[in-house]
Amino acid sequence: MTGDNSANADEELKGSIDLDNYRKLVKQFCDIRRYQTALFWAEKTACLSQNNPKDVYCKSHCMFLLKEYHRAAYTIRMHKLEKTHIPSYNLLLESLYEAKEYNEAVAVINSVDVEFLASSLINQPLDGGGAESQTMFGGEECGKNEVLASINLLKGKIYEAMDNRGLAMDCYVQALYKSVYCYEALEALVQHEMLMAWEEKELMQQLPLEQQSSDVDAKFITKLYETKLKKYYETIGPELNEKIESTRASEANIHKNVMPKLLTPSTSHIMSPAHKVLEDFKVPTFSLHVSLTRASSHSNELQRSHFETSGRNRSREANDSNTCLPITTCLTRVNKSTDVMAAQAEKHFYDCEYKKGFKILNDLLKSDPYHNAALTVQIGCLVEFGDYNKLFYVAHKLVDRYPEKAISWYAVGCYYDLIGKSDPARRYLSKATALDRLYGPAWLAYGHSFAKENEHDQAMAAYFKAAQLMRGCHLPLLYIGVECGLTKNLELAEKFFYQAMSIAPLDVFVLHELGVIKYEYEYYESAEEVFRTTVDIVTSRAKQNKEEISARWEPLFNNLGHCCRKNKKYKEALKYHQFALLLKPQSSQTFTAIGFVHALMGNLEEAISFFHKSLALNRDCIVTSTILKTCIEDFMDEESIIDGIYGKVNPTSSTTWGNNTPFKVPKIATIEEETSTSPMKFSSMKVKFDDEDISKNANNIDSNSVMDISMDV
């Protein structure tokens, strides 16, 4: 009996278990997102194989999918796979990054030489999956290079999280150079505004597209990546470019010609935050040329060229396959891609073509209502339109579905800022920056909420942070310059505007603000040239799009009118002020400006009429009341008015009034006499359009006025 039992036991223990079947089973459960079941069998497989590196890696990967990041990192480090198995090293970095253990991740980066470890990749399998683990790019060798690109991408994310943006940019460039298909690296460089426009173009030219892809694929990749580059660097026409260059060249020595009282005191012994930002732009911590040279040398060492052999042969053999499409068809169809459509909408947004961009966004969001890049542009368009109802709906929907994303609270903050509630706007925008410290639009909006209430220090602090995060974007520099101008630091403001122009040469907002600064310097001819260039750009874009000029440009035409008035071009000044009045009919400041020009031309009756129209809209305006009083006094002293009231004056005798008191009629000076002989009465009057003098009621002040207009002649 005992012998029969032992025989049966021996019979039951015969046979073997194929571990590859269990490895395939783990992969199948991962594919159908049953991660807990996959981890159960992965752990048993690793136990049976006595902790084979590929099985330990698979078990750690299941832990990562279950968001057990510390557990996955501990498992890899316990078996010391980060120094011998490069996929495990990649997984360890990603686990530490997701667990926000950045210091530990940097320690791992410093302790392991990835390039030395990569030299053993030729004979080292990635995950032991055989033919199933080979990627679509040409087999196992290519997959290893994709892992190397992933490692560099993770390094960049870790360094960026620790505010070491110089090293982060270098790692992103290395990742994109090792694999031109690593889109996340390009997205990090572009979306976080890390590169200047010329650096983006140089990077695209230096990428090894021909070595890593076929000629047709290289054209396709170039087309896709170019849609992600800077949207505001394209030129409009050679004439406008020549105007801008001549304007900048003619004012190279502007500070030598201005009045000493307008010069900013030297701060060479003090490094203010604004000066520090400018110095950082002059001495960058990142060199694209050095990074590309290093990436090229590493690539040559690895002898990377997976499309020259099997890839290109395979593409030629597949010409007759149903999966092969002509390049013209692909380039046409890809225009329907949501990413390409979002890039087109963003370009229209930067060109101030909000309606055209919003139309593209509506088509895009029908197919993908939660596209992150499209939603950012949509929020900006809704703010420009002032459509707070639609913005409320978008913000409410995002908070319901994605409360952990920064863009959701950014939308909420923009809504409250749009309806004029600054305190909740700041609270929600601050929450957006806390959720994602690298989200530049939230920092800009946070600064706007302070700037609207003239809290310049807090606004500039937010803009400085945005400038650090968005090295390749001109907007933080523009807003810092505006704040410097408002605090009368004109020299520093001009430097920021020129730095912004180096990034976006044809941005109309930068040009407009630069004209304002030149006006403040009393350099009126140069200011007029800048404003005319800006008007040419605005009008040309409106003609191209067959649209009317937006009312937002009313201050631009008014400012150009003020410059023409300062340069004694009164008829042109009237033309631009009247055009501004067409854009915004109920503007008291425009009525006052038109009336003032009429007064300078000697048309006192018309001037008085326009001043009355201005006071009907803003009766508390001290400027208009003062000029109106002067005009009425001069108007009543004219001979024709006295003749109409009291009859023709006898040229040979004095007119008597009351008890035979002589009444002499003075003669008013015309414009010609004023310019040739004596100054007019207005020459002793200096008035300004600013927030202190226009009105006591802040609600009547146009928030779009961006400059103090000196009215002295």
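Student: In which loop is Asn-51 found?

Tutor: Some ground rules come first. This is a predicted model, in which local features need pLDDT of at least 70 and side-chain atom pairs count only at pLDDT 80 or more, while totals for chains, interfaces and linings use all residues. Residues are numbered from 1 along each chain as its sequence is written, and side-chain values use heavy atoms, with hydrogens and water left out. Helices (H or I, at least four residues) and strands (E, at least two) are DSSP runs, numbered from the N terminus. Asn-51 is found in the loop between α3 and α4.

Student: What is the phi of Asn-51, and what is that of Gln-50?

Tutor: Asn-51 has a positive phi of about 60° although it is not a glycine. Gln-50 also has a positive phi of about 60°, and it is not a glycine either. Gln-50 lies in the loop between α3 (35-48) and α4 (53-65).

Student: Is Gln-50 buried or exposed?

Tutor: Buried means under 20% relative accessible area, exposed over 50%, and partly exposed in between (1.4 Å probe, protein chains only). Gln-50 has a relative accessible area of 70% and is therefore exposed. Asn-51, at 37% relative accessibility, counts as partly exposed.

Student: Which residues of α22 are buried?

Tutor: The general idea rests on helix geometry: an α-helix has 3.6 residues a turn, so residues three or four places apart point the same way. In α22, the buried residues are Tyr-354, Gly-357, Phe-358, Ile-360, Leu-361, Leu-364 and Leu-365. They cover an arc of only 160° around the axis (taken from the directions from the helix axis to the C-beta atoms), which puts them on the same side of α22. On the other side, Lys-355, Lys-359, Lys-366 and Ser-367 are exposed.

Student: What do the buried residues of α22 pack against?

Tutor: Contact means heavy atoms within 4.5 Å. The buried residues of α22 pack against α21 (338-350), α23 (372-385) and α31 (508-520). For α23, the cover of its buried residues includes α21, α22, α24 (388-401), α25 (406-418) and α27 (440-451). Just after α23, Gly-386 takes a positive phi of about 75°.

Student: Which residues touch the most other members of the largest nonpolar core?

Tutor: In soluble globular proteins, nonpolar side chains tend to be buried together. A nonpolar core is a set of buried Ala, Val, Leu, Ile, Met, Phe, Trp, Tyr and Cys residues joined through side-chain atoms within 4.5 Å. The largest one here has 115 residues, of which Tyr-410, Ile-480, Trp-553, Phe-557 and Cys-631 touch the most other members. Its largest share, 9 residues, comes from helix α30 (residues 490-503). Apart from this core lies another, of 54 residues, among them Leu-93, Val-114, Ile-158 and Met-169.

Student: What is the overall inventory of helices and strands?

Tutor: The protein has 39 helices and 4 strands. Buried residues make up 48% of its 713 residues.
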